[in-house]
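These are my notebook entries on a structure that I looked up today.

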Amino acid sequence: MFERNGRLVLAWTGVAALAFVSLTIGAGTLHLEELFSGSGGNASALLRESRVPRTLALVLAGSSLAIAGLIMQMIARNRFVEPATAGTAESAALGVLAVMLLAPGISVLARMLVAGGFALAGTFLFLLILRRIPHRSALVVPLVGLMLGGVIDSITTFFAYRYDLLQSISTWMAGDFSGVLAGRYELLWIGFALALAGYLAADRFTAIGIGETFAVNVGINYNRVVAIGLLIVSLITASVVVTVGLIPFVGLIAPNLVAMRMGDNARRSLPWVALTGAALILLCDIAGRVVRYPYEIPVGTVVGVVGGAVFLALLLRRERQVG
Amino acid sequence: MANSAIRSSRQTLFGLFAGAMLCVALFLTVGANGQWDFVLPFRGTKILTMVLVGYSVAVSAVLFQTATGNRILTPGIMGFDSLFILLQTLIVFSIGAQGYTGIDPRLLFAGQAALMIGFSALLYRLLFHSGGRSLHLLVLTGVVLGILFRSLSEFAGRVISPNEYLFLQDRFFASFNNPDTQLLAFSYGVVGAVSLMAWRMLPAFDVLGLGRERAISLGVDHRRTVGAILAITAVLVSISTALVGPVTFFGLLVSNLAYWLIRSHRHVLILPAATLLAVIALLAGQLVLEQALGFGTNLRVVLEFAGGITFILLLLRDPRR
Amino acid sequence: MIEAISVTKRYGSSVVLDDVSVKIPHGGITAIIGPNGAGKSTLLGVMSRLIAPDAGHVTIDGMRVDQTPGAVLARRLAILRQDNHIMLRLTVRDLVAFGRYPHNHGRLSLADRDIIEQAIRQLDLDALGDRYLDELSGGQRQRAFIAMVLAQETDYILLDEPLSSLDVQKSVQMLGLFRTAADELSRTIVIVVHDIAFAANYADRIIAMRDGRIVADGSPDEVIRQDVLEEIYDVPIGVHHVDGRRLLAYP
């Protein structure tokens with residue numbers, strides 16, 4: 001017990017260290033000594049307005065997405081499902097486009113709610129299609145999700161093109177934290193709060209992850225837990241999409257890496273999943289800022305590369321275990 | 001082969017041919033307003049491009065499906081065209097935009113096509129050689145590879161200087177509406193040569209459709225035939241991607257439509273049918289979008305939409321195929 | 001003659017064929033029997049070049065199968081394996097026509113058509129010639145594949161469990177057909193069979209395998225004996241002779 005807590009502390013420290021690194025790098029040079037010399041209005045303003053919000057946003061988005069991925073995997077009972085492989089993220093993006101077209105003036109909160117509604121509908125459609133697959137193999141599930149995502153994405157592109165919004169929608173969706181400033185990332189706190197709510201209900205998600213019969217046997221209202229889970233996932237995805245755009249695969253990688261080491265008990269693994277998600281996205285963002293300094297590579301692109309490679313490794317590893 | 005099936009397949013082919021010709025005629029004339037001097041060469045070039053792209057996509061999809069023994073895999077879905085883009089990006093990455101523009105485009109293309117052949121052979125070995133893998137694993141691996149290739153090109157594109165990134169964007173944003181016609185004559189030559197090679201192997205391709213073991217038992221050199229298909233596919237994918245950019249699902253769409261329309265296993269009937277279907281889809285689609293609806297270059301999006309839905313339906317229908 | 005010389009095949013750490021040497025001279029019906037996992041299908045696969053051995057080699061009429069062009073071998077040897085799932089939508093006649101591919105490379109001559117029709121008749125498929133394979137029962141499909149193999153007109157015909165999806169009547173009919181092919185057309189037929197009784201009464205020679213080795217090889221009189229069968233299957237199987245046929249009594 002102590003050892004496990006000890007390791008968790010170590011993980012916390014690791015994430016904190018990454019966050020500190022994230023605070024210190026960027027296009028504007030940060031002179032830490034200014035902070036302590038008392039005179040440094042410049043440094044503390046930079047920190048307050050840009051670096052701290054950005055780092056917070058990274059941690060919040062990473063951990064919430066990781067938890068959303070875990071919940072989705074329990075609901076779909078499939079390791080390869082996450083918001084970007086189930087049509088959820090693409091649906092949220094379609095929602096953002098709908099807002100841009102129909103009600104450009106509404107508040108960010110309303111925008112997030114609309115995107116969340118779209119995400120919910122898209123995910124529901126995904127689950128509906130899954131039910132109709134005759135012999136459901138574990139691999140056909142993410143395949144259907146990726147394709148559904150592609151189809152929804154082509155609808156978005158179609159209308160974006162039609163109304164000359166392609167440029168803005170693709171900048172919007174790039175999965176980029178460079179524009180995060182104080183006052184423009186706070187929605188992520190809502191997503192994080194929902195992720196915490198998911199943590200409180202962790203046992204129930206584990207139960208539905210084992211199976212519907214099992215869940216009903218232990219007295220869980222299966223449909224309600226699934227509905228709540230979908231709502232949490234959709235709103236988390238929407239909060240991230242509306243704030244920074246699409247960030248694929250975080251929800252896939254973090255839970256899988258954690259499950260390899262410690263199994264699938266959600267309550268035990270959830271803090272780890274959240275920390276892994278945060279660490280992953282911090283690392284990718286730092287890499288994106290350092291590789292081509294002073295230019296930035298959007299974290300969505302970096303995560304796409306890392307995530308794609310890890311996804312591939314997971315697939316082939318799984319095959320070795322079977323074969 | 002039942003004679004009635006051959007006859008009905010021939011009739012279908014003839015109908016498709018007439019349809020394609022009609023599309024060509026309409027594409028040339030609708031809304032021309034008598035400005036023939038400008039319209040004919042301009043649209044003619046476009047038609048030639050579309051025909052070549054349709055042919056390349058359709059033939060590569062059908063042959064790839066024959067080689068891999070299933071009907072939901074295409075080079076597009078396996079990420080081959082993303083691979084082509086990645087290779088192009090990496091070349092710019094290593095020799096710079098100036099070096100890139102300095103080289104004879106034909107030489108450059110030949111080099112890229114050669115790399116494509118090498119990489120696709122590697123991919124094939126990796127994925128198919130050990131045999132007995134589940135189809136879903138193959139497809140999913142292919143899709144994820146495609147995503148990975150795209151992300152890598154994006155990444156590499158961002159790492160090179162912003163100017164070169166712009167150059168790449170410019171270079172890659174060839175589309176159905178804005179094809180890169182510089183290489184058109186050269187491309188026709190290459191496709192012609194490749195097709196000649198394919199033509200002589202058509203009966204062997206039919207046998208390959210029976211599966212690896214039966215094909216070997218009937219005396220087909222499986223390794224050589226599959227190798228030839230991979231090379232043909234790699235070249236055709238390079239051609240179509242160079243001309244109009246990547247199209248993930250188009251090949252899936254036309255190949256499966258062709259299987260559905262043509263009640264025969266023979267490539268000599270299926271390949272023309274798939275090609276004609278592709279040409280009709282491209283020309284009619286472009287025509288409707290441009291002339292009737294007044295949109296611009298949305299054809300790719302519409303095709304991806306239809307193709308994606310086809311793909312999901314195929315998955316739902318029969319998990320073994 | 002088919003000759004396998006010191007053939008070994010491993011899958012991972014398990015040895016499926018362990019230094020197997022066997023000669024199958026021209027003519028007659030040879031049956032390969034043995035419990036599951038004995039290596040029967042693998043031996044058939046190696047002999048027909050579908051599976052490459054890890055050591056040793058196979059010759060057919062003196063030609064090494066790994067060094068002879070497939071097109072040449074396909075005119076000498078035909079193989080039918082167990083899996084009869086097929087991606088293409090083919091009619092029975094289309095499928096049987098593929099049997100002529102080694103001879104005509106896709107261009108059917110009139111003589112080819114006669115051979116195809118004859119094979120269809122021999123397997124009782126006249127009424128089903130234009131039906132698609134996926135509309136047929138498992139047994140009908142199996143017969144269509146055997147018709148294709150016969151149309152290939154090879155000296156050697158290797159069949160892996162050709163009776164697996166046939167009922168008793170069709171099985172007996174099929175074995176009669178093999179008998180005719182062997183006796184009148186002097187074909188060499190090698191079959192893997194599960195049912196010892198069929199092997200006992202229809203084969204000229206029986207090869208028994210166990211754990212990747214050949215444990216018995218000889219005429220039915222030599223192999224279909226209680227002590228030999230017990231060695232193969234670990235079960236005492238009684239053998240009785242009634243009216244010149246062998247009856248097997250399972251314990």
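I took helices (H or I, at least four residues) and strands (E, at least two) as DSSP runs, numbered from the N terminus. The model is predicted, so I noted that local features need pLDDT of at least 70, that side-chain atom pairs count only at pLDDT 80 or more, and that totals for chains, interfaces and linings use all residues. Residues are numbered from 1 along each chain as its sequence is written, chains are lettered from A and ligands numbered from 1 in the order in which they are written, and side-chain values use heavy atoms, with hydrogens and water left out.

Entry one. I located A:Ser239 in helix 11 (residues 222-243) of chain A. A:Ser239 is buried, at a relative accessible area of 1%; buried means under 20%, exposed over 50%, partly exposed in between (1.4 Å probe, protein chains only). Not counting residues up to four places away in sequence, I found A:Ser239 touching A:Met112, A:Leu187, A:Leu188 and A:Gly191, contact being heavy atoms within 4.5 Å.

Entry two. I then turned to helix 13 (residues 299-317) of chain B, which has 19 residues. Its buried residues include B:Gly307, B:Gly308 and B:Phe311. Among the elements covering them I recorded helix 5 (108-132) of chain A and helix 12 (267-292) of chain B.

I looked up the largest nonpolar core, which has 268 residues, and found A:Phe177, A:Ile247 and B:Phe311 with the most contacts inside it. Such a core is a set of buried Ala, Val, Leu, Ile, Met, Phe, Trp, Tyr and Cys residues joined through side-chain atoms within 4.5 Å. Helix 3 (residues 41-76) of chain A gives the most to this core, 14 residues.

How values were computed:
Expected span 1.5 Å × (residues − 1).
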